[in-house]
Amino acid sequence: MTRLAVPKTYKLYLGGTFPRSESGRVYEIRSHDGEFLANAAKASRKDARDAVVAARSALGGWAGATAYNRGQVLYRIAELLEGRRAQFMAEIVQAEGVTPAAASAQVDEAIDRWVWYAGWADKYLQVAGNANPVSGPYFNLSVPDPTGVVAIIAPQTGGSLLGLVSAVAPALVSGNTVVVIANETMPLSAISLGEVLATSDVPGGVVNVLTGSPAEMAPWLASHADVNALDLVGAGDLDWVHLEIDAAETLTRVLQPENGPDAASPSLARILAFTETKTIWHTKGLI
Amino acid sequence: MTASHSVLAQLNTGERAVALIGGDATDANLRRYLHGIPGIDAVGLEQRAAALGTRSIKTSSKKWAIDKIISLIDLTTLEGADTPGKVRSLVGKALTPDPGDPSCPRVAAVCVYGDMVPHAVAALGSAHSAGTDAGVNVAAVATAFPSGRASLAVKLADVRDAVEAGADEIDMVIDRGAFLSGRFAQVYDEIVAVKHSCRRADGSAAHLKVILETGELSTYDNVRRASWLAILAGADFIKTSTGKVPVAATLPVTLSMLEVVRDWHRLTGAKIGVKPAGGIRTSKDATKYLVTVAETVVEEWLTPGLFRFGASSLLNDVLMQRQKVTSGHYSGPDYVTMD
């Protein structure tokens with residue numbers, strides 16, 4: 001008795017919902033040996049624009065949440081990933097053609113990275129902030145604030161889940177909201193991560209996942225006046241110099257592409273890359 | 001509807017109503033007339049509205065639509081927290097919606113509460129249209145807006161006050177309670193009385209927009225009847241909503257009102273304006289209304305004299321779209337004013 005295959009058509013993850021691409025386009029995702037796996041939505045520039053709108057409207061709530069609460073929410077994602085590790089492993093094996101042991105190691109590392117970044121949520125402030133000495137009866141405090149909406153081009157090579165997590169998690173720590181263009185040829189981990197996020201405590205719109213062509217969407221995100229920072233970590237194969245020039249037109253902070261196995265390796269610098277330093281003067285009590 | 005077009009066109013408003021209703025404007029006569037109007041096929045209406053919302057508007061048409069939308073906006077602030085300063089900044093925005101681009105058109109009018117009219121007029125200065133075609137109008141909501149729950153004397157005083165302060169347009173609310181309980185003559189007489197109070201000493205008159213508050217009328221049939229009633233009584237404009245109840249302007253409701261306006265034009269040759277208000281927040285939504293107007297009446301209706309958007313946040317979205325068309329990249333809320 002043979003069963004009909006039920007191939008899935010994946011959608012985008014925008015504003016906490018799973019819409020089809022506005023353009024109606026899809027593209028085929030194939031395994032490492034060319035076998036059909038599923039259809040994914042091929043997002044257009046209008047989907048990218050909608051994603052920015054969703055990210056902008058989610059920013060107030062996410063940046064306004066307490067650092068402790070953000071840490072808990074990020075940790076909960078790691079818990080949910082742990083619960084669905086079999087699915088992520090299977091997808092990695094199919095897409096990347098690696099051994100189950102290697103896939104398992106990648107999922108482990110991705111989960112560990114979430115936990116590591118979750119821990120930073122209520123600690124990076126102490127490390128990066130400062131009480132500055134000034135010649136007057138004032139407290140002078142420098143504190144990092146989230147930059148705002150961060151557009152990320154996820155790593156297009158290497159581990160499909162680990163690359164995405166490594167790029168998205170650090171931006172979320174300080175309270176930024178994210179629009180991420182997933183790995184074009186291996187987007188399944190990204191879409192599944194979207195499904196995890198939708199059932200976690202992450203408010204809708206904090207992470208928005210676009211699948212499709214980075215070459216097509218990146219210029220629109222780079223030049224978008226409402227995007228505050230651009231992480232080009234996976235844009236090495238694109239004409240990224242022009243993306244950087246476009247981004248400069250609207251004063252967008254830019255992180256340049258990284259290549260190799262250590263791309264987007266965990267660091268405090270990646271958290272601080274998407275913060276702005278705010279300095280406050282406050283009178284000392286005149287008692 | 002026995003009288004012919006040419007005969008009706010020569011009558012004044014009151015005589016025309018009597019000729020159409022077939023007697024004086026009593027409850028009984030109005031009920032017979034309004035309930036004799038064919039009912040609305042709600043499913044058909046919604047389908048038609050949905051179809052009009054799918055027209056693809058691209059490039060040069062979109063550019064035209066954006067400027068057209070701006071020139072049709074009644075830029076509105078109707079908050080309890082309004083101050084003269086807030087009204088001045090609203091007027092500033094009405095005159096130069098996009099300070100970075102002088103080619104951006106002005107809006108049609110600013111819409112404020114009656115006591116803010118003097119501040120709006122003063123802030124507009126020489127840009128106040130004051131009866132001419134050029135410049136920006138001042139519209140005032142009156143008649144105990146938004147509920148309309150006050151005695152007729154208070155409502156009329158409210159209107160006279162605004163007109164004397166320099167309002168060019170009066171947005172009145174109908175008594176929905178009276179309308180829904182079938183006291184059509186009361187609603188009719190009130191509109192007639194308000195219309196009379198819109199007259200100025202020099203013989204000119206402020207334009208009268210009649211707000212039906214369609215969100216409280218429950219059915220499309222009621223919307224159609226209220227539209228006919230308001231027009232019979234002498235409304236220059238019929239307006240969907242106050243923006244103060246949960247259900248404001250929708251495309252099907254506006255379509256049904258436009259159909260009344262079209263029928264009235266065929267019947268009498270007179271042109272009545274339509275103003276959807278409340279809940280229109282995006283350039284995309286507003287474009288659907290433009291399409292609906294152009295395909296229901298004619299494109300000729302797309303002038304500030306015959307069609308308006310009552311909106312506050314719509315302008316910012318349209319300006320962002322305009323900046324996108326001009327600059328080639330998407331704009332953001334940081335590039336328009338906060339209101």
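# Close-up views of a two-chain predicted model

**View 1. The surroundings of A:Met217.** Beyond four places in sequence, A:Met217 contacts A:Ala43, A:Arg45, A:Ala48, A:Ile181, A:Leu210 and A:Gly212. Two residues are in contact if their C-beta atoms, placed from the backbone, lie within 7 Å. The model is predicted: local features need pLDDT of at least 70, side-chain atom pairs count only at pLDDT 80 or more, and totals for chains, interfaces and linings use all residues. Residues are numbered from 1 along each chain as its sequence is written, while chains are lettered from A and ligands numbered from 1 in the order in which they are written. A:Met217 sits in helix 8 (residues 214-223) of chain A. Helices (H or I, at least four residues) and strands (E, at least two) are DSSP runs, numbered from the N terminus. A:Met217 is buried, because 24 other C-beta atoms lie within 10 Å. The cut-offs are 20 or more other C-beta atoms within 10 Å for buried, 12 or fewer for exposed, and in between for partly exposed, with C-beta atoms placed from the backbone. A:Ala48 is 169 residues from A:Met217 in sequence, yet their C-alpha atoms are 6.8 Å apart.

**View 2. The nonpolar cores.** A nonpolar core is a set of buried Ala, Val, Leu, Ile, Met, Phe, Trp, Tyr and Cys residues joined through C-beta atoms within 7 Å. The largest core has 97 residues. Its members that touch the most others are B:Ile73, B:Val110, B:Ala120, B:Ile170, B:Val210 and B:Ala230. A second, separate core holds 88 residues, including A:Ile77, A:Ala95, A:Trp120 and A:Val178. B:Val110 has contacts with B:Leu75, B:Leu90, B:Val91, B:Ala94, B:Ala120, B:Val136, B:Val138 and B:Ala139, leaving aside neighbours within four places in sequence. In soluble globular proteins, nonpolar side chains tend to be buried together.

**View 3. Helix 11 against helix 12 in chain B.** Helix 11 (residues 220-233) and helix 12 (residues 251-268) of chain B pack at about 40°, and their axes are 9 Å apart. The pair is therefore oblique. Angles under 35 degrees count as roughly parallel, over 145 as roughly antiparallel, 65 to 115 as roughly perpendicular and the rest as oblique. Axes are lines fitted to C-alpha atoms, for helices over the stretch in contact, and angles run from 0 to 180 degrees between N-to-C directions. Helix 11 of chain B brings B:Tyr220, B:Val223, B:Arg224, B:Ser227, B:Trp228 and B:Ile231 to the contact. Helix 12 of chain B answers with B:Val253, B:Ser256, B:Met257, B:Val260 and B:Trp264. By class, the contact residues are eight nonpolar, two polar and one charged. Here Ala, Val, Leu, Ile, Met, Phe, Trp, Tyr, Cys and Pro count as nonpolar, Asp, Glu, Lys and Arg as charged, and the others, Gly among them, as polar.

**View 4. The contact between chains A and B.** Chain A supplies six residues and chain B seven. The side of chain A that touches chain B has two nonpolar, two polar and two charged residues.

View 5. Most residues other than glycine have a negative phi, and most peptide bonds are trans. A:Ala264 has a positive phi, near 55°, and is not a glycine. A:Ala264 lies in the loop between strand 9 (253-255) and helix 10 (268-272) of chain A. With 25 other C-beta atoms within 10 Å, A:Ala264 is buried. B:Ser218, also not a glycine, has a positive phi of about 70°. Its loop runs between strand 5 (207-211) and helix 11 of chain B. B:Ser218 is exposed, because 12 other C-beta atoms lie within 10 Å. A cis peptide bond, with omega about 0°, joins B:Phe145 and B:Pro146. B:Pro146 is in the loop between strand 3 (137-141) and helix 8 (152-164) of chain B.

**View 6. B:Leu52 in helix 4 of chain B.** B:Leu52 belongs to helix 4 (residues 42-52) of chain B. It is buried, with 20 C-beta neighbours inside 10 Å. Outside four places in sequence, B:Leu52 contacts B:Lys288, B:Val291, B:Thr292 and B:Glu295.

**View 7. A:Thr277 in strand 10 of chain A.** Strand 10 (residues 275-283) of chain A contains A:Thr277. A:Thr277 counts as exposed, with 12 C-beta neighbours inside 10 Å. Not counting residues up to four places away in sequence, A:Thr277 touches A:Ser142 and A:Pro144.
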